[in-house]
Amino acid sequence: MVTAAQPLSVLPRPRADAVRHLGPNWYAAVMGTAIVATAGAALPVRVPGLRPLCAAFWALSLVLLAALLLARALHWRHHRDRARAHLLDPATAPFYGCLAMALLAVGGGALTVGRDWIGVDAAVALDAVLFTAGTVVALTAAVAVPYLMAVRHRVTASQATPVWLLPLVAPMVSAALGPLLVPYLPAGQPRQTLLFACLALFGLSLLATFVMLPLVFGRLVTGGPPPLALTPALFLVLGPLGQSTTAAGKFAEVAPGVVPGPDGRAPGGLGGLGGLAVLYGVPVMGFALLWLCLATAHVARARRHGMGFTMTWWAFTFPVGTCVTGAAALARHTGLVAFDVLACALYLVLVAAWGVVAGHTARGLLSGALLAAPRPAPAGPRRGTGRTTSGAVR
């Protein structure tokens, strides 16, 4: 497991030349760290010492976010040619959704566990700023990236990868974390406006995902396994599934006193938003578990064929974490012990994955390998591990 001092020793004072090949995919490390905190706080069991540990993970994610924002600012200032190339690279541009999700994840973590360290008032202020900025970036990415794919990237269906989902799932993260701020707004119109805005973001992201996901699934079935280095990206499909289940649960929890009419708050209730949480969440969680098994099988195959570490391994963290929060929400709304067990089991997977991926990332940073110039993809077998200009993989 990596300590805070390892990545921080490299990132806080980046040199301009060191960040030339730093792409937006690096925000996945912030997302993956923040979700360890928020998923741990959502667990239906209380483990001694877990909450302070979750607060420490949130603090680490906050520092990592600040460091990466600084590094990316240097990148845009000193290597604008590379930054523009990232936007025009169909393998890299979707990762701009990670910037939005990193802002949102850290902001949500402030209200979930960060308030234990910084106080409620500071946590609300920080979350309000990060939620607003993250939502603006999420909506921009959700429009701009598909537009660029259509008019500049000129991609084909045979090139579809789960990475294409990243800008589309970002508004769903806003939908899931926005309800945390509802109780801190004045009663009446302000609370209703934010809640219904989150519902709109939920629909926006969900319908866009329903359009894109068949392309990804069809490419996987008809085109064969993805390149070895891109195989972990299959876990990205879990993101919109787990996050939408989490969002539906959050809507039901904040609706009483905000939305008039039945709220279905009681366990097993099937009225209003409480019904949405159960009737939507249970089937979607079932599909998420199916996809988890499918993605795990592909990763196991890729490891047997020599898949090495790349930054796509961070896909093992945040998407799994959303399934933890989704299962925990279902446990609260159904009262079923099975969902308690599922949430705890997935959280153990999340923590183990974070430890492995963070350790590899720290070693790659300290050695300089992860910030080195990208190698061209091999022209031979598809299972090569070439990287794009951002350090992402094709």
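Tutor: Let's start with a polar contact: a pair of N or O atoms within 3.5 Å, where, within protein, one must be able to donate a hydrogen and the other to accept it, and residues adjacent in sequence count only if both atoms are side-chain atoms. In this structure, the side chain of arginine 219 reaches the backbone oxygen of glycine 224 at 2.9 Å. The model is predicted, so local features need pLDDT of at least 70 and side-chain atom pairs pLDDT 80 or more, while totals for chains, interfaces and linings use all residues. Residues are numbered from 1 along each chain as its sequence is written, and side-chain values use heavy atoms, leaving out hydrogens and water.

Student: Where does arginine 219 lie?

Tutor: Look for helix 8, residues 189-223, which contains arginine 219. Helices are DSSP runs of H or I with at least four residues, strands are E runs of at least two, and both are numbered from the N terminus. The chain has 12 helices and 0 strands.

Student: Is arginine 219 buried or exposed?

Tutor: Buried means under 20% relative accessible area, exposed over 50%, and partly exposed in between (1.4 Å probe, protein chains only). Arginine 219 is buried, and it has no salt bridge. Its nearest side chain of opposite charge belongs to aspartate 89, 15 Å away. Across the 394 residues of the chain, 57% count as buried.

Student: How many salt bridges are there in the whole structure?

Tutor: A salt bridge puts a side-chain nitrogen of Lys or Arg within 4 Å of a carboxyl oxygen of Asp or Glu. A search of the whole structure finds 2. In one, aspartate 116 pairs with arginine 51, with the closest N and O atoms 2.5 Å apart. Aspartate 116 sits in helix 5 (residues 96-118) and arginine 51 in helix 3 (residues 50-78), so this pair links distant parts of the chain, 65 residues apart. Aspartate 116 is partly exposed at 41% relative accessibility, and arginine 51 is partly exposed at 33%.

Student: Which residue meets glutamate 253 in a salt bridge?

Tutor: Arginine 332 does, at 2.8 Å from N to O. Glutamate 253 is in helix 9 (residues 238-254) and arginine 332 in helix 11 (residues 318-334), so the pair ties together parts 79 residues apart in sequence. Glutamate 253 is partly exposed at 31%, as is arginine 332 at 38%.

Student: At roughly what angle do the axes of helix 6 and helix 7 cross?

Tutor: Axes are lines fitted to C-alpha atoms, for helices over the stretch in contact, with angles from 0 to 180 degrees between N-to-C directions. Helix 6 (residues 120-153) and helix 7 (residues 166-177) have axes that come within 7 Å and cross at roughly 155 degrees. The two helices are therefore roughly antiparallel, a label for angles over 145 degrees.

Notes: Lys, Arg positive; Asp, Glu negative; His and termini not counted. Parallel < 35°, antiparallel > 145°, perpendicular 65-115°, else oblique.
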